Amino acid sequence: MLLWDVEARIQEAAAFRRRRAQKLHLAESYEWTDDTHMTIKLHDNIVTHAGDPVKADDVLWSIQWASESAEYSRHTTNIDFENTKVIDDLTLEIVIFEPNVFFLNDLDRIQITAKKTFDESPDNLISVANGPGPYKMVSHTQGVEGVLE
């Protein structure tokens with residue numbers, strides 16, 4: 001019974017990983033070069049709503065920022081930051097401490113933005129959403145409404 005349960009979990013995780021591979025947004029592609037090294041290639045035309053380009057160093061900065069955040073740090077505990085590196089403007093190699101089929105799910109939870117956009121916001125993007133997503137928040141009233149375009 002236990003062996004069947006483990007096999008079922010492995011199959012579920014593999015199916016989850018295949019489904020996630022079909023939903024890339026910022027990344028043009030990614031590849032696991034081994035069980036603990038993932039190379040991510042970004043699209044070359046990603047910008048924040050402020051018009052700032054999002055490059056590999058911004059992605060790494062966003063992940064590092066998340067590692068210090070009470071809300072997002074749990075999604076970064078498996079990342080080996082000492083060995084994770086930017087290869088070029090559009091390529092990032094993320095190293096994890098141990099294989100984890102749910103790592104893409106963790107990575108997907110982290111909000112990515114350009115460091116320049118974050119640094120130039122008056123309150124670290126707390127009151128104004130400004131990321132690379134398809135919708136731009138043009139106004140909001142806390143607890144009442146948010147208007148997107």
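**View 1. Val 86 stands opposite Leu 92 of strand β4.** The model shown here and in the other views is predicted. The strands in this view are β3 and β4, the latter made of residues 91-95. β3 and β4 pair in the antiparallel sense, over 3 bridges.

**View 2. Four strands form an open sheet in the order β1-β2-β4-β3.** The pairing in this sheet is antiparallel. In general, the strands of a sheet pair through backbone hydrogen bonds, and the pairing is either parallel or antiparallel. The edges of this sheet are taken by β1 (27-34) and β3 (85-88); each has a single partner strand, so one side of each is left without a neighbour in the sheet. On average, and with direction ignored, neighbouring strands of the sheet are turned by 20 degrees against each other.

**View 3. Helix α2, residues 56-67, packs on the sheet.** The helix touches β2 (37-42), β3 and β4. Between the direction of α2 and that of β4 the angle is about 30 degrees.

**View 4. The largest nonpolar core holds 25 residues.** Those that touch the most other members are Met 38, Ile 40, Val 59, Ile 63, Ile 94, Phe 103 and Leu 107. Two or more residues of this core come from each of β1, β2, α2, β4 and α3 (103-108). Helix α2 gives the largest share, 5 residues.

**View 5. Val 59 is in contact with Leu 42, Val 54, Leu 92 and Ile 112, its neighbours within four places in sequence left aside.** Leu 92 is also the residue of β4 that stands opposite Val 86. Val 59 is among the core residues that touch the most other members.

Terms used. Residues numbered from 1 in each chain as written. Predicted model: local features only at pLDDT ≥ 70, side-chain atom pairs only at ≥ 80, totals over all residues. Heavy atoms only, no water. Pairing = 2+ DSSP bridges. Axes fitted to C-alpha atoms, helices over the stretch in contact; angles between N-to-C directions. Contact = heavy atoms within 4.5 Å. Core = buried A, V, L, I, M, F, W, Y, C linked by side-chain atoms within 4.5 Å. Buried < 20%, exposed > 50% of the residue type's maximum accessible area, 1.4 Å probe, protein only.
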